[in-house]
Amino acid sequence: MKFSEQWLREWVNPAISSDELVAQITLAGLEVDDIEAAGGEFSGVIVGEIVSAEQHPDADKLRVCQVSDGTTETQVVCGAPNARVGIKVAFATVGAVLPGNFKIKKAKLRQQESFGMLCSGAELEISEENDGIMELAVDAPVGTDIRDYLNLNDQIIDVDLTPNRGDCLSIAGLAREVGVLNSVDVQGPELKELAPQIEDVFPVKVSAPEHCPRFLGRVLNNINLNTASPLWLQEKLRRCGVRSIDPVVDVTNYILLEMGQPMHAYDLNKLNGSVIVRMASQGENLILLDGQKIELDQETLVIADNEGVLGLAGIMGGADTGVGSGTTNVFLEAAFFNPISIAGKARNYGLHTDASHRFERGVDYDLQRKAMDRATLLLQSIVGGEAGPIVEQVSADHLPTESQVSLRKARLEALLAYKIDDAQVLDILTRLGLTLVASDDASWTFNAPSWRFDMAIEADLIEEVARVYGYNNLPSTNPVASMEIPANAEVQRPLSILRRHMVSRGYQEAITYSMVEPGLLAKFDDQNKPVELVNPISADMAVMRTTLWPGLVKALQHNQNRQQSRIRLFETGQRFIPSDQGLQQQDVFAGLIYGSRNPESWHGKAENVDYFDIKGDLETLLAIGSQEFSFVATKHLALHPGQSAAIQLDGAVVGFVGAMHPGLAKDLGLQGPVFMFEVDLAAISLGVLPAYQTLSKFPEMRRDLAIVLDQKTSVAEVTSVIEASAGKWLNAVRLFDVYQGQGIENGQKSLALGLTWQHPERTLTDDEVNQWVEQVVTHLAENAGASLRG
């Protein structure tokens with residue numbers, strides 16, 4: 001918003017310079033984007049009057065004028081088409097300096113001497129109008145310096161306001177801010193209530209009160225639009241970036257800038273029946289004031305009469321009922337529209353107006369009657385006319401309610417880390433418009449003003465106090481706290497170690513979305529119903545993942561589509577499992593491999609990975625914690641039924657590992673076999689503290705056993721039986737051969753195992769070891785159905 005510094009200082013005039021004022025309001029949150037002078041840099045330009053104007057004898061487009069400066073008459077040759085007798089003009093005398101350091105000298109134009117120059121607004125950098133010389137008011141005092149006459153020693157300040165500060169989109173709102181920042185009283189114009197001079201009214205109906213809780217209208221008859229807007233009004237509008245059109249439009253724009261209340265004026269003689277505030281019908285057409293024809297939809301609030309739409313509510317009026325040169329009777333409108341009802345509607349039609357900018361942010365819902373009386377008095381002082389009574393339609397149920405907010409003194413001091421005097425706090429908040437309704441030693445309670453929609457909770461008041469007091473005035477204090485370093489359990493393995501280990505195995509870390517496609521997730525997990533998002537980004541990100549595998553597989557697809565032949569990925573993240581106790585967010589560690597076992601090289605065979613590659617990688621990861629994990633054959637929806645295992649810790653399943661089910665791989669269009677694992681992160685992060693154990697100085701004793709047993713019996717079962725029966729000095733059990741074929745019956749397999757014993761304090765005897773071997777053979781026969789081969 002652009003505003004004139006002089007206009008602001010008519011309301012509040014603190015004893016600070018322009019630069020200090022700009023810095024002050026910027027620090028208060030009203031950021032200044034630009035500052036420019038109200039006029040260009042020039043001197044020697046005065047108010048002149050053309051007393052004669054004759055055609056140049058040698059040029060069709062030039063006129064020879066006699067210009068009076070109040071004491072003498074000077075000849076000036078001028079080419080402006082509007083140069084005529086009796087008008088007051090901007091007269092640059094000989095020796096004057098115009099913007100751009102252009103000096104006015106005596107000159108001859110087609111043999112006629114010229115002693116000066118009659119200037120346009122553009123030549124003085126006052127306006128952009130350059131189609132003729134600048135015409136001043138008929139009562140402009142001849143001979144007066146034009147800078148003094150137009151009060152051009154002024155600054156135009158452009159502020160960029162945040163959406164919550166719609167209350168500052170007016171001179172009144174800015175004056176409140178400057179007043180409270182400097183503890184200076186605001187002296188605005190006296191607002192008088194105007195008594196009606198006639199009884200004429202025009203009926204108003206509001207059929208959408210939830211969108212327009214308050215609508216005011218007033219008839220103003222017998223106005224004279226042949227009168228031009230006074231210079232002070234035109235200049236104030238110009239310096240705020242608004243072009244002067246006619247007195248009625250200028251006054252409505254002036255009220256918008258001064259008070260922040262958008263208004264509109266209709267030609268009363270063009271209205272039919274009554275003014276109706278309603279929602280548009282689908283397909284209705286409207287020609288706007290700017291000449292644009294639009295087709296309305298049923299979500300748009302409009303102002304209409306009995307015959308059709310008159311304008312877009314809170315945005316722009318229609319051309320058919322606009323005020324023109326022949327208008328003698330007008331109907332003035334001032335309304336409060338629900339900000340939500342106006343927000344975005346202007347953009348839907350490719351529009352952005354000063355009115356919509358304010359209504360979208362919220363206009364003071366208690367301002368309409370004051371604005372109506374102020375506008376009526378200004379209009380009557382310029383164009384005359386008789387005013388009728390105000391017609392008001394209001395729905396109290398739909399108007400905003402007055403917010404009551406409590407502010408605790410202790411809370412204020414705690415958040416600011418500084419004690420501000422109670423009297424100063426009260427002064428700040430009351431100058432901002434809050435009304436104190438209750439107070440005690442611990443707190444105050446205020447009613448928020450009707451123009452501040454952003455004051456609803458205690459934090460809002462604390463922010464206002466800090467902002468006005470000045471953040472730079474608050475002392476800088478270092479936080480004081482007792483900081484205890486939390487104990488870091490030695491058994492806990494940091495995630496960074498697990499990540500580095502996987503990288504050392506040739507894996508790359510992936511990060512995938514927590515939201516996945518429902519159909520894809522169902523192919524990997526049929527045990528948990530995923531949490532559905534209320535407002536998903538897209539259909540393929542509609543549910544929260546219950547496993548990390550879908551994201552990793554999508555990454556695999558992405559890489560395979562780009563001709564990557566060897567892929568090893570891992571990811572750490574959360575899966576989201578609904579339960580009776582609520583949503584469980586579990587940290588898990590997952591990975592997959594595909595392609596060749598080793599990077600492409602000139603030596604060695606090119607072999608693809610298999611189940612034992614990923615199981616081996618996983619076992620090295622599990623070994624970091626030194627816990628006893630076991631792998632138990634199992635079935636899983638996403639895994640190959642013959643190449644899948646559950647990972648168990650103390651009998652509880654903490655993860656799965658295996659080959660992707662061939663049907664699933666085909667369904668997803670994946671190339672070659674893919675192997676995956678997923679394990680609970682908490683289980684693999686918790687290790688066992690290492691304990692010192694003396695190395696035995698005595699030799700080991702080894703016995704090899706070759707046993708035949710059912711091929712369905714796992715090595716883990718065999719190892720478990722051996723460990724339970726081989727005595728306490730058993731040191732290791734190693735499988736070094738598996739055989740099926742000639743000499744072994746169908747459905748059977750042969751396992752070759754090496755058993756090692758070692759005593760810490762003496763050498764074991766053959767008799768002792770042979771006795772343990774016999775026990776092992778006996779227990780294997782009883783518990784695993786195994787017999788010695790041969």
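A salt bridge is taken here as a side-chain nitrogen of Lys or Arg within 4 Å of a carboxyl oxygen of Asp or Glu. The structure is a predicted model. Glu-768 and Arg-762 meet this criterion, with an N to O distance of 2.7 Å. Arg-762 is partly exposed, at 35% relative accessibility. Across the whole structure, the search returns 40 salt bridges.

One of these pairs Arg-467 with Glu-177. Their closest N and O atoms are 2.7 Å apart. Arg-467 belongs to helix 13 (residues 458–469) and Glu-177 to helix 4 (residues 171–182), so the contact ties together parts that are 290 residues apart in sequence. Both side chains belong to buried residues. Arg-467 has 8% relative accessibility. Glu-177 has 2%. Each value falls in the buried class because that class covers anything under 20%.

A further salt bridge joins the side chains of Asp-667 and Lys-523, at 2.6 Å from N to O. This pair also links distant parts of the chain, 144 residues apart. Asp-667 sits in helix 18 (residues 662–667). Lys-523 lies in the loop between helix 15 (518–522) and strand 30 (543–544). Asp-667 is partly exposed, at 49% relative accessibility. Lys-523 is likewise partly exposed, at 32%.

Salt bridges with shared partners also build a network. Its members are Arg-165, Asp-167, Glu-177, Arg-452, Asp-454, Glu-464 and Arg-467. The buried residues Arg-467 and Glu-177 are thus among the residues joined in this network.

Conventions
Residues numbered from 1 in each chain as written. Predicted model: local features only at pLDDT ≥ 70, side-chain atom pairs only at ≥ 80, totals over all residues. Heavy atoms only, no water. Helix = DSSP H or I, 4+ residues; strand = E, 2+ residues; numbered from the N terminus. Buried < 20%, exposed > 50% of the residue type's maximum accessible area, 1.4 Å probe, protein only.
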